[in-house]
Structures are given as structure tokens and as C-alpha cells.
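These are my notebook entries on a structure that is new to me. I set down what I looked up, one topic at a time.

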Amino acid sequence: MSTTAAFDPTGAIALTAGASQIGVISGTPTYYAVRVQDSGRLTAELGPLLGAVNALSGTTRLTLLSPDRQVLVQSDGQSTTNPNDLIDIHVTGVSGGTTYYLEVQGLGSAAGTYDLQTTFVTATPPVQPVSLPATSVEG
């Protein structure tokens, strides 16, 4: 696994979390930019476009890259019975926005049309205490 992706981030396609992005596997990876303005849970799933004449075939890889293009996590499928790539990770954002990158690539002879789904939900970082309002107990 490469630790840094060599690509020009200005060429990344802007992706809005919660929206579906349709694309076609080609000989070179496709990059998407996801901008978050708070810390939370980012999920991305890559699978075949349902009903497409040239549905996705072969193995694909979905990679999440940090703002400085370091590989954070990769998925080559969830299991032998569910080949969809899935990334589910806590990311850190700032109010001015932090940009992460998703790389979609076909492995071997993969071809076809894909559907990339992303979601983002603001959340407390894992294994961190949650602040609760003070309450009084009357007895």
C-alpha cells in the first residue's frame, strides 16, 4: 500500500456528502474531494450502478486520503458475498473546512459504471467522554 497518492488535488471532483456520484472505471484512478467542517463519521460505499447496462465487474478499490494525501484506509470489498467497497471512519474537520480525498480505481480488468455513496454525521471522536449537562438528584 502506497503511503502518499501522487495526484493534483485541484483536479479532484467536488463531492457533497449525502449525494450519489456516478462514474465509470477507467485505466486511471478518479479522485473526489469531500469537505467537512466538523469532526464526525464519514462513510463511503462504492458499488455497481443498479440497472446499468455495463454494470461494474471485477474488483475495485476505494481509498480515503488525508488532506496531505496520505493513505488513511483502503477497501477492496466487504466480503466474497458483498464486493462493495466500504469505508467507515471518524475524521477531523475545522469550521473553515477540511478536505479529504476519495480515490476510486479498478483493479485488473475491472470495468463498468459505479455508484459512490457518501454520508457524514457530526460525532464525538471514539473513546472520548461525552459532555452531559449537570443534573441534581432530589431524594
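Which residue in β8 does V34 stand opposite? I looked it up and found that V34 stands opposite Y100.

**Entry 1: ground rules.** I am working with a predicted model, in which local features need pLDDT of at least 70 and side-chain atom pairs count only at pLDDT 80 or more, while totals for chains, interfaces and linings use all residues. Residues are numbered from 1 along each chain as its sequence is written, and side-chain values use heavy atoms, with hydrogens and water left out.

**Entry 2: the chain as a whole.** I looked up the secondary structure and found zero helices and nine strands; helices (H or I, at least four residues) and strands (E, at least two) are DSSP runs, numbered from the N terminus. Along the sequence the pattern reads β-β-β-β-β-β-β-β-β. The chain has 139 residues, of which 37% count as buried, where buried means under 20% relative accessible area, exposed over 50% and partly exposed in between, with a 1.4 Å probe and protein chains only. I noted an accessible surface of about 8,100 Å², with 54% of it belonging to carbon and sulfur atoms; such areas come from the Shrake-Rupley method with a 1.4 Å probe, and for residues only the protein chains shown count as cover. Taking contacts between residues at least 6 apart in sequence, I found that 77% join residues at least 24 apart, a contact being heavy atoms within 4.5 Å.

**Entry 3: strand β3.** I returned to the strand paired with β8, which is β3, and found seven bridges joining the two in an antiparallel run; two strands pair if DSSP finds at least two bridges between them. β3 also pairs with strand β1 (residues 13-15), in the parallel sense and over three bridges, and there I13 has Y32 of β3 as its bridge partner. Six of the seven residues of β3 (residues 30-36) are buried, so the strand is largely enclosed by the rest of the structure.

**Entry 4: the open sheet.** I then traced an open sheet of four strands, which has the order β2-β9-β4-β7 and antiparallel pairing. β2 (20-24) and β7 (85-91) stand at the edges with a single partner strand each, so one side of each is left without a neighbour in the sheet. The twist averages 20 degrees from one strand to the next, where axes are lines fitted to C-alpha atoms, for helices over the stretch in contact, and angles run from 0 to 180 degrees between N-to-C directions.

For β2 I listed Q21 and G23 on a covered face, and S20, I22 and V24 on an uncovered one.

**Entry 5: salt bridges.** How many salt bridges does the structure hold? I found two, a salt bridge being a side-chain nitrogen of Lys or Arg within 4 Å of a carboxyl oxygen of Asp or Glu. One joins the side chains of D88 and R41 at 2.5 Å, N to O; D88 lies in strand β7 and R41 in strand β4, so the pair ties together parts that are 47 residues apart in sequence. D88 is partly exposed at 41% relative accessibility, and R41 is partly exposed at 45%.

The other joins D76 and R61 at 2.7 Å, N to O; D76 lies in the loop between β6 (71-75) and β7 and R61 in strand β5 (residues 57-65), so the pair ties together parts that are 15 residues apart in sequence. I noted D76 as partly exposed at 39%, and R61 as partly exposed at 21%.

**Entry 6: single residues.** N84 lies in the loop between β6 and β7, and its side chain makes a polar contact of 3.2 Å with that of E45; a polar contact is a pair of N or O atoms within 3.5 Å, where within protein one must be able to donate a hydrogen and the other to accept it, and residues adjacent in sequence count only if both atoms are side-chain atoms.
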